[in-house]
Amino acid sequence: MLPQAAPLLSLLLITLLSTVTSHYSSSSSTPPPPQSSLWHPARATYYAASDPRDSVGGACGYGDLVKAGYGMATVGLSETLFQRGQICGACFELRCVDDLRWCIPGTSIIVTATNFCAPNYGFTAEGGGRCNPPNKHFVLPIEAFEKIAIWKAGNMPVQYRRIKCRKEGGVRFTIDGSGIFVSVLIRNVAGAGDIVAVKIKGSRTGWLQMGRNWGQNWHINSDMRNQPLSFEVTSSDGLTLTSYNVAPKNWNFGQTFEGKQFES
């Protein structure tokens, strides 16, 4: 090597090392604070479950909420929050604020989104249209509402934040449908709680994308009968969970199977 080339080579090495170090620092920057650290204003009302059927059904498709494992720790969301069913399964923490007469101090509740509060455009959002856009409104079972406020309060100001869901056992898949139409209800999801994408795989197929039917019911037109089924589930925070051979070869419509679980 020529003597005059050494300084040039040293300069080139210094430049390269500086570039690599700079790129590494950028990629390891601190992420923004999680959404669960932020409280947002909203309002909340309640319904009284005078009939046992009031705890059955809902826009997320979970059916009997007690049998599904959600109990009365559930909530219906206004249109602004419901996101056309995408939010189904997400968990919220609510606390009563700004009303010393009706709030129960130092309390909060954790609820799962299971239903939709439909807008009433016969009223304004400031009037009787409590669930009209742009209102952020929660409708709670009275059993949940009374944990944070006196029931006489009615339409209460609250604060809410998204939190991670904690669930017992694995993600549950209820398979329904007929013939080549397969519908799968996905529930008991920990972590983010809400699902944005689902794939299904049989022993005779590759991974097939399912479409959202409504709530957390996902469907596909494909003959998946007489083969074990695996599922790939992606939550709203971008995490993907794969459960292999959840349903055995001899599965039947109407059965429920349990897979792996997201970290909570």
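**Close-up 1. The side chains of R225 and D223 meet in a salt bridge, with N to O at 2.9 Å.** A salt bridge here is a side-chain nitrogen of Lys or Arg within 4 Å of a carboxyl oxygen of Asp or Glu. R225 is partly exposed because its relative accessibility is 35%, and D223 is partly exposed at 36%. The classes are buried under 20% relative accessible area, exposed over 50%, and partly exposed in between (1.4 Å probe, protein chains only). The model is predicted: local features need pLDDT of at least 70, side-chain atom pairs count only at pLDDT 80 or more, and totals for chains, interfaces and linings use all residues. Residues are numbered from 1 along each chain as its sequence is written, and side-chain values use heavy atoms, with hydrogens and water left out.

**Close-up 2. D194 and R162 form a salt bridge, their closest N and O atoms being 3.3 Å apart.** This pair links distant parts of the chain, 32 residues apart: D194 lies in the loop between β8 (181-187) and β9 (195-202), and R162 in strand β6 (residues 156-163). Strands are DSSP runs (E, at least two residues), numbered from the N terminus. Both D194 and R162 are buried. By the salt-bridge rule, the count comes to 5.

**Close-up 3. R172 forms a salt bridge with E258, with 3.5 Å between the closest N and O atoms.** R172 belongs to strand β7 (residues 172-178) and E258 to strand β15 (residues 256-258), so the pair links distant parts of the chain, 86 residues apart. E258 is partly exposed, with a relative accessible area of 46%.

**Close-up 4. The side chain of N188 reaches the backbone oxygen of E168 at 2.9 Å.** N188 is found in the loop between β8 and β9 and is buried, at 6% relative accessible area. Leaving aside neighbours within four places in sequence, N188 is in contact (heavy atoms within 4.5 Å) with residues including Y70, K167, R172 and Q261.

**Close-up 5. An open sheet of 5 strands runs in the order β11-β12-β8-β7-β15, with antiparallel pairing.** β11 (211-214) and β15 stand at the edges with a single partner strand each, so one side of each has no neighbour in the sheet. Two strands pair if DSSP finds at least two bridges between them. On average, neighbouring strands of this sheet are turned by 35° against each other, direction ignored; axes are lines fitted to C-alpha atoms, and angles run from 0 to 180 degrees between N-to-C directions. β7 and β8 pair in the antiparallel sense over 7 bridges, and D176 stands opposite S183 in β8.

Technical notes: Helices (H or I, at least four residues) and strands (E, at least two) are DSSP runs, numbered from the N terminus. A polar contact is a pair of N or O atoms within 3.5 Å; within protein, one must be able to donate a hydrogen and the other to accept it, and residues adjacent in sequence count only if both atoms are side-chain atoms.
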